Protein chains: 2
Amino acid sequence: MANTPDTQQRILDAASQLIHSRSYADVGVAAICDLAGVQKGSFYHFFPSKQDLTLSVLDGFFISMKEALIDKAFVADIAPLARLERFALLTYQFQNQLKKDTGRVLGCPFGNLATELATQDEPIRKKVDHIFAQLQNKIGEVVTASVQVGEMTGINIDATAKAMLAYMEGVMMLAKTQNDPTILRNLLPAMAQIRISAS
Amino acid sequence: MANTPDTQQRILDAASQLIHSRSYADVGVAAICDLAGVQKGSFYHFFPSKQDLTLSVLDGFFISMKEALIDKAFVADIAPLARLERFALLTYQFQNQLKKDTGRVLGCPFGNLATELATQDEPIRKKVDHIFAQLQNKIGEVVTASVQVGEMTGINIDATAKAMLAYMEGVMMLAKTQNDPTILRNLLPAMAQIRISAS
DNA sequence: GCTTGACTTTACCGACCGGTCAACTACAAT
DNA sequence: ATTGTAGTTGACCGGTCGGTAAAGTCAAGC
């Protein structure tokens, strides 16, 4: 295989792409190996199982998302609510690019895997749950800042952050179902307007 | 098989239960036949394919949802916004009962199938898309009524209804991921507060 | 130059997948 | 009594699934 520049990473990249654009169950180990240009034996040299690979894939997705969306949107030099709107815009642009590349709105990789496997694969469910908690926490920091500058008042910060995350996931799901990225452009910015009042 | 009280319906019931609690890919025809107490040949006497069965299952889910939630919540003798809150409460109670029965928050059967199959199975994607459109329409009628009685002003009715639907689906997804129905109780009522302002 | 061990290749495993088929049963119409 | 037909049965199909294992390659360390 020529020089084999990091076989493990090629497997991870191939799996990320295939699982995001199809589903966990529909993507077999053989298909991942084909795309990565690797034999099945090599696959199992690096990953003990398809499930374990998927856990690593989820880690990679989170790192990518943090770099491409969170770190670029949640910056201190704009107002908190504007950060959420910027996050919405970047998310739209990201999914729009995916649609141009693959012909499909692929939706959120975390939501996709959670929906498919939450009732069947406990390790994957836990991993996605943990990622959602981190996402909610990042949003919560922005909401907290928003309360501090007086943009929001009388809200339950944790519940509001969770509701914003839920709204984002729901909009992604509708956009995927309709295969229409403009839904993201039109609806996602409203996540900055969601509020759950303090109990 | 004794008197075989409507084999076709038993297949539909078994498939509905299994697909909702697991996933499309994870539930095989053999498992459906086992639960229904039917041989595989009988299955294919009534349904040309697993895909076709699933389309019928989706129809059944929509009828059930309409009877159990929509028709019970969207009644004219309470204020429009209160109808949405009632819808949220009934949805919580429904999922809470499912959790008691199965040990799991199963989420929305439409959202589950859309997320799993939207990029892979066009007939199923279209069917779910159509069901979402009907759901959005039902919500839109309530939003329209809400505007007419002056509860909401200056909003984009279609976009608001779609945002409410998205929020509901997102909250269901989070509740499924955390396997915690109280998320539905705490967050779902806020769907009545979502607004997308007129452009 | 030999050993070691990470990495790769290839053939293979049993289980299960969705789907097919020919034979059979039960019953209604003739 | 015979035929037509809806429904049912259970064996069977080729293909694919995730995963295993034995053999081989190759470069670094001694």
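In α7(B), the buried residues are I124(B), K127(B), V128(B), I131(B), F132(B), L135(B), Q136(B), I139(B), V142(B), V143(B) and S146(B). This comes from a predicted model. As a general point, an α-helix has 3.6 residues a turn, so residues three or four places apart point the same way.

What lies over those buried positions? The cover includes α8 (157-178) of chain A, and from chain B it includes α4 (50-73), α5 (80-102), α6 (109-117) and α8 (157-178). The helix itself spans residues 122-148 of chain B, 27 residues in total. From first C-alpha to last, α7(B) reaches 38 Å, close to the 39 Å expected at 1.5 Å a residue. After α7(B) comes G150(B), with a positive phi near 85°.

Now to the contact between the two chains: chain A and chain B each bring 40 residues to it. On the side of chain A that touches chain B, α6 (109-117), α7 (122-148), α8 and α9 (182-187) of chain A each give two or more residues. Of these, α8(A) gives the most, with 15 residues.

DNA strand C has 18 residues around it, and Q39(A), G41(A), H45(A), G28(B) and G41(B) come nearest. At least two residues each are supplied by α3 (40-46) of chain A and by α2 (29-36) and α3 (40-46) of chain B. The top contributor to this surface is α3(A), with four residues.

Here is how the two surfaces divide by class:

Methods:
Residues numbered from 1 in each chain as written. Chains lettered and ligands numbered in written order. Predicted model: local features only at pLDDT ≥ 70, side-chain atom pairs only at ≥ 80, totals over all residues. Expected span 1.5 Å × (residues − 1). Buried ≥ 20, exposed ≤ 12 C-beta atoms within 10 Å, placed from the backbone. Contact = placed C-beta atoms within 7 Å. Near = placed C-beta within 6 Å.
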